[in-house]
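Hi everyone, thanks for coming. Let me put today's structure on the screen, and then we can walk through it together.

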Amino acid sequence: MLEQWREWNNGWLQGEGQPAKMVLDGIVILVIAFLLVWICRSLLIRWQQSCKNRREPLSVQQIMIMTAGMLAGWVTGAVGALIFSWWGQGYEMIRSLLMLAFGYAGLRMSYIYATEIAGWPGQKMNSDSPLPASEERHEEPRSLKVVSSKIMDTNIIIDGRIEYIIQAGFLEGKLLIPDFVLHELQMLADSADLLRRQRGKRGLDLLNRLRQLDQEQLDILYTELPEAMSTDDKLVQLVRSHQAVLLTNDTNLQKISELHQIRVLNVNHLASMLKQQLIAGQLLVVSVTKAGKEQGQGIAYLDDGTMIVVEQGREYMGRAIEVMVTSALQTANGKMVFAKPHISD
């Protein structure tokens, strides 16, 4: 079939069809050039977004992988251009454009692969290997200056308590919001269900307030992860590739992340650790709000929600009294504290 095409082409060159063929060749070249330029432009935009979000410099191993990918793309483009070898002068242009497009595609694919293996063992020095004393001295203060970025999930944003932690100055480093988390908040805010819509709007309002607190601390992280992956899987892979810290209040996500050796900051865990520690003999001023299950018991609550069971406290309902802690019991629903009215001498 190729031979027939060459004979037909030569017939056009020798006959009256030569001007028509030149016009046809020009149109085909323009169409192919337009498609290749459009593809390269799309790839370049994605490349710029990825480089903008990347904070760590490329290692020597990653640069070698990207170079190999670009060379492989060039070879693929040159080999693929052989199918246009019958095309006289247009062949050189097609080969150049294909090598450019495939070279960039190979560079882009190798860049994604090199980013995913950012935590491979060859990139980190083995802790068992001996180091000169001078390197040990320089390595120690350098590690103290490194502050890992924090990647937030949807639950921690809707929860809202992270705002107070940031305002108090207890959270340092860059706060990254993955684009798929932002999309999930937008879907919740546009939901027909009232409760889901309120949760989504609350999360978006929190992000706007955090942006006003510090323009540079909060940033959106653009990703190219497969749509078929679940949100939790995307978060785990994203945190690993960026060597960041996960901010969440989801216990199940925390367990999965810890299996992947990912550092997790759980706000619920922090809140439980910061609850007031009550010991026997401690005096408290509480307001009895309702009657207890047992005869004569009254129920009061601390500001953090801890329930106080006041023995013989039913008669003090609606009043603030001073009680003495007698014991504390940790249950599945939280801590329960037992106390009795304190009569001062």
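His269 sits in helix 12; helices here are DSSP runs of H or I with at least four residues, strands are runs of E with at least two, and both are numbered from the N terminus. Between the C-alpha atoms of His269 and Asn249 there are 8.0 Å, with 20 residues separating the two along the chain.

A quick word on what you are looking at. This is a predicted model, in which local features need pLDDT of at least 70 and side-chain atom pairs count only at pLDDT 80 or more, while totals for chains, interfaces and linings use all residues. Residues are numbered from 1 along each chain as its sequence is written, and side-chain values use heavy atoms, with hydrogens and water left out.

How confident is the predictor? pLDDT is its confidence in each residue, from 0 to 100; the chain has a mean of 75, and 65% of its residues reach 70 or more. Over residues 119-144, though, the pLDDT is below 50.

Now the overall picture. The chain has twelve helices and ten strands, and 34% of its 345 residues count as buried. Taking contact to mean heavy atoms within 4.5 Å, residues 24 or more positions apart make up 60% of the contacts with a separation of 6 or more.

What about the inside? A nonpolar core is a set of buried Ala, Val, Leu, Ile, Met, Phe, Trp, Tyr and Cys residues joined through side-chain atoms within 4.5 Å. The largest one has 33 residues, and among those touching the most other members are Ile151, Met152 and Ile177. Leaving out residues up to four places away in sequence, Ile177 touches Met152, Ile157, Leu207, Leu218, Asp219, Ile220 and Leu221. There is also a second, separate core of 14 residues, including Leu284 and Val337.

Finally, back to helix 12. Which element gives the most to the lining of the second largest pocket? Helix 12 does, with four residues. A pocket is an open set of points on a 1 Å grid over the protein atoms alone, where a 1.4 Å probe fits, with protein on both sides within 12 Å along at least five of seven lines; lining residues have an atom within 4 Å of a point. This pocket is lined by 15 residues, with Ile165, Asn266, Val267, Leu270 and Ala271 nearest its centre.

Methods. pLDDT is the predictor's confidence in each residue, from 0 to 100. Buried means under 20% relative accessible area, exposed over 50%, partly exposed in between (1.4 Å probe, protein chains only).
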